[in-house]
Amino acid sequence: MSASKDLVTVSARGSSIPIARMRSLYQVDEVGRKLDKLPEKEHEHLRSTYERMLEKGPERFQVKPSGIPAMDHLYDDLPNFADVLDDVKRQIALCEDSRDALEITPVLLLGPPGVGKTHFARELSKLLGTGMGFISMSSLTAGWVLSGASSQWKGARPGKVFETLVDGQYANPVLVVDEIDKAGGEHAYDPLGALYSLLEHDTAGSFTDEFAEVPIDASQVIWVATANDGRSIPEPILNRMNVYEVQAPDRDAARHIAAKLYRSIRADHDWGSRFAPEPGHDVLDRMSEMAPREMRRAWMTAFGNAKLARRDRVDVTDLPEAGFKKSSIGFVQ
């Protein structure tokens, strides 16, 4: 149902990224017919949705790197994601010198909290230049967050897939389904039901959001799901994805990540020049015990404690304990 136009080129992150084509995501005539059939002074949200679709038009940028982009910084920043990065590089290489669209097999990142799974997804969207949508399955209040709810329901609205494609600029955004293992069976509707067709290229090409009821082309979406435990994820979902078990970085990799983050925070703040260019080995040893997600907060706490102590170096005693034990609030008896 989609149409494509000629290549255009833009610059991103110092490398040439062609907008592979302008891809049409839906039929304007179909949207117009739906709008004309709406009763006057009813379904205001649905009416405004159709009007927005007509105003924005159906075409979105479908981008891909013109060559294999510089990825050394990602291997450096995310050493525990080397296998995933290798696979992404291979799939980019397949289409770099062709007119084919960029296709990335849906990815599932399995691993303990704090190892950088969501951060990886954000960095992937920056690398590809395709924009990103984010869906947190742990905060669902309804089973239709992906596919929308019928406009007949009070408070109904489109799902995240529809919103990301229609309101965004890209036909192939990275869509992150965070904590997919938290989407349990407590909802009236299966929150993962829409994924069965969305993860299949052929059926995703005519995905229909239950709110708008207009087929849209979601076949180019780049899917990245994260989970702490894969046992609760339905087998049909697992079979549609490349599954990677992401381990916490080892001690040397964690020290490297912590040192790089120290230098980054120091460079980003005017007060950073008052501190030593590099942290001490003993401090890095302590930092290596923390999950990558904890490190930035730990450094900020440590910088603050060192400043209060009028020191120009961070000391081990400035760091919070690994795991960030919460301080009690209120009166202590």
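Is Met 295 buried or exposed, and what is its relative accessible area?

Guide: Before we go in, keep in mind that this is a predicted model, where local features need pLDDT of at least 70 and side-chain atom pairs count only at pLDDT 80 or more, while totals for chains, interfaces and linings use all residues. Residues are numbered from 1 along each chain as its sequence is written, and side-chain values use heavy atoms, with hydrogens and water left out.

Now to your spot. Met 295 is buried, with a relative accessible area of 0% (buried means under 20%, exposed over 50%, and partly exposed in between, using a 1.4 Å probe and protein chains only). You'll find Met 295 in helix H12, residues 292–308 (helices are DSSP runs of H or I with at least four residues, strands are E runs with at least two, and both are numbered from the N terminus). Leave out residues up to four places away in sequence, and Met 295 touches Ala 254, Ile 257, Ala 258, Leu 261, Met 287 and Met 290 (a contact means heavy atoms within 4.5 Å). Leu 319 is 24 residues from Met 295 in sequence, and their C-alpha atoms are 9.9 Å apart.

Let's step back for a moment. Of the 333 residues in the chain, 47% are buried, and the secondary structure comes to 12 helices and 10 strands. Among contacts between residues at least 6 apart in sequence, 71% join residues at least 24 apart.

Other parts are tucked in too. Helix H6 (residues 160–167) has six of its eight residues buried, so the rest of the structure largely encloses it. The buried ones are Val 161, Phe 162, Glu 163, Thr 164, Leu 165 and Val 166. H6 also meets H2: their axes come within 10 Å and cross at roughly 35° (axes are lines fitted to C-alpha atoms, for helices over the stretch in contact, with angles from 0 to 180 degrees between N-to-C directions). Thr 49, Arg 52, Met 53 and Lys 56 of H2 make that contact with Phe 162, Val 166 and Asp 167 of H6.

H2 (residues 44–56) has another partner in H1 (residues 28–37), and those two axes come within 10 Å and cross at roughly 150°. H1 and H2 are therefore roughly antiparallel to each other (that label goes to angles over 145 degrees; under 35 is roughly parallel, 65 to 115 roughly perpendicular, and the rest oblique). On the H1 side the contact uses Val 28, Val 31, Gly 32, Lys 34 and Leu 35, and on the H2 side Arg 47, Tyr 50, Glu 51, Met 53 and Leu 54.

One last stop is the loop between strand E6 (174–178) and helix H7 (195–198), where Pro 191 sits. Pro 191 counts as buried at 2% relative accessibility, and its C-alpha atom is 6.9 Å from that of Val 145, 46 residues away along the chain. Glu 179 is found in that loop between E6 and H7 as well, but Glu 179 is partly exposed, with a relative accessible area of 22%. Glu 179 has a positive phi of about 55° although it is not a glycine.
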